[in-house]
Amino acid sequence: MNKNIYLLLLFISVSLSGQNISNCNLQKSDASDALKFDRNDMICLAKNSDKPYTIFYTLASWCAPCRLHFPDAVELEKTGKVNLFVVLVESEEDKRLVNAINFIKSISENVKFGVLKDEIYGTRTGKRNKTLAIEITPQHNEMINDYGKFILIDRTGTILYVTNWKDYNKDWQNSKKMLENKILPLIK
């Protein structure tokens with residue numbers, strides 16, 4: 001392919017992927033290069049997505065299962081039906097946030113990510129995660145305050161599913177199997 005055509009297509013792709021972010025008026029955190037999210041922002045991003053579904057994957061830098069399952073979250077985006085955003089649960093000022101961002105970028109430079117807003121979720125990681133879990137989990141899902149959640153939202157803004165540790169059926173290391181059973185049937 002001609003180098004100029006490739007660069008033009010890359011520019012168009014980046015411009016389009018930025019459209020859904022700009023439609024939601026997201027702000028960047030003062031403490032990092034992460035966008036700031038809350039539940040409403042997540043729904044806005046899903047409604048403005050160029051794909052039928054958006055996955056929000058919660059991640060804490062120190063959470064071993066979060067780190068283990070993250071590459072599978074990245075693979076979901078390759079289905080062509082899903083946009084992926086990582087939601088960092090540490091506070092905007094937490095020094096561990098840099099570790100989380102570096103980890104994300106080490107897996108994929110193209111992953112979009114944001115941090116939960118301190119002004120809404122506070123600064124204590126456990127409380128932040130619990131507040132998000134309570135407000136984002138639909139009534140038909142069991143709300144469990146754990147980390148490494150896959151939050152599936154469709155283009156209408158409907159939260160279709162929020163995973164928790166029970167979805168792994170005692171095989172917590174195998175997120176591919178869990179995704180095949182819980183998420184992939186919803187995006188087919």
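Residues are numbered from 1 along each chain as its sequence is written, and side-chain values use heavy atoms, with hydrogens and water left out. Because the model is predicted, local features need pLDDT of at least 70 and side-chain atom pairs count only at pLDDT 80 or more, while totals for chains, interfaces and linings use all residues.

The description begins with the sheet. Six strands form an open, mixed sheet in the order β1-β4-β3-β2-β5-β6. Strands here are DSSP runs of E with at least two residues, helices are runs of H or I with at least four residues, and both are numbered from the N terminus. Two strands count as paired if DSSP finds at least two bridges between them. On average, neighbouring strands are turned by 30 degrees against each other, direction ignored. Such angles are taken between axes, which are lines fitted to C-alpha atoms (for helices over the stretch in contact), and run from 0 to 180 degrees between N-to-C directions.

Within this sheet, β2 (residues 53-59) and β3 (residues 82-88) run parallel and are joined by seven bridges. One of the residues involved is T58, whose bridge partner in β3 is V87. Helix α4 (residues 96-107) packs on the sheet, where α4 touches β2, β3 and β4 (112-116) and makes about 155 degrees with the direction of β3. Contact means heavy atoms within 4.5 Å. Helix α2 lies across β1, β2, β3, β5 (150-154) and β6, and runs at about 50 degrees to β5.

β5 and β6 pair in the antiparallel sense over three bridges, and I151 has V162 of β6 as its bridge partner. These two strands form a hairpin with four residues between them, and G157 in the turn has a positive phi of about 90 degrees.

The structure also holds two disulfides, a disulfide being a pair of cysteine sulfur atoms within 2.5 Å. One joins C24 to C44, with an S to S distance of 2.2 Å. C24 lies in the loop between α1 (3-22) and β1 (35-37) and C44 in helix α2 (residues 39-47), so this pair ties together parts that are 20 residues apart in sequence. The S-S torsion of C24 and C44 is about -100 degrees, so the disulfide is left-handed. In the other, the sulfur atoms of C63 and C66 are 2.4 Å apart; the torsion of about 80 degrees makes this disulfide right-handed. C24 is buried at 8% relative accessible area, as is C63 at 6% and C66 at 0%. Buried means under 20% relative accessible area, exposed over 50% and partly exposed in between (1.4 Å probe, protein chains only).

K149 lies in the loop between α6 (125-136) and β5, and is buried with a relative accessible area of 3%. The side chains of K149 and D146 are joined by a polar contact of 2.6 Å. A polar contact is a pair of N or O atoms within 3.5 Å; within protein, one must be able to donate a hydrogen and the other to accept it, and residues adjacent in sequence count only if both atoms are side-chain atoms. A polar atom of the K149 side chain also lies 3.2 Å from the backbone oxygen of T163. Not counting residues up to four places away in sequence, K149 touches residues including F56, T58, I144 and V162.
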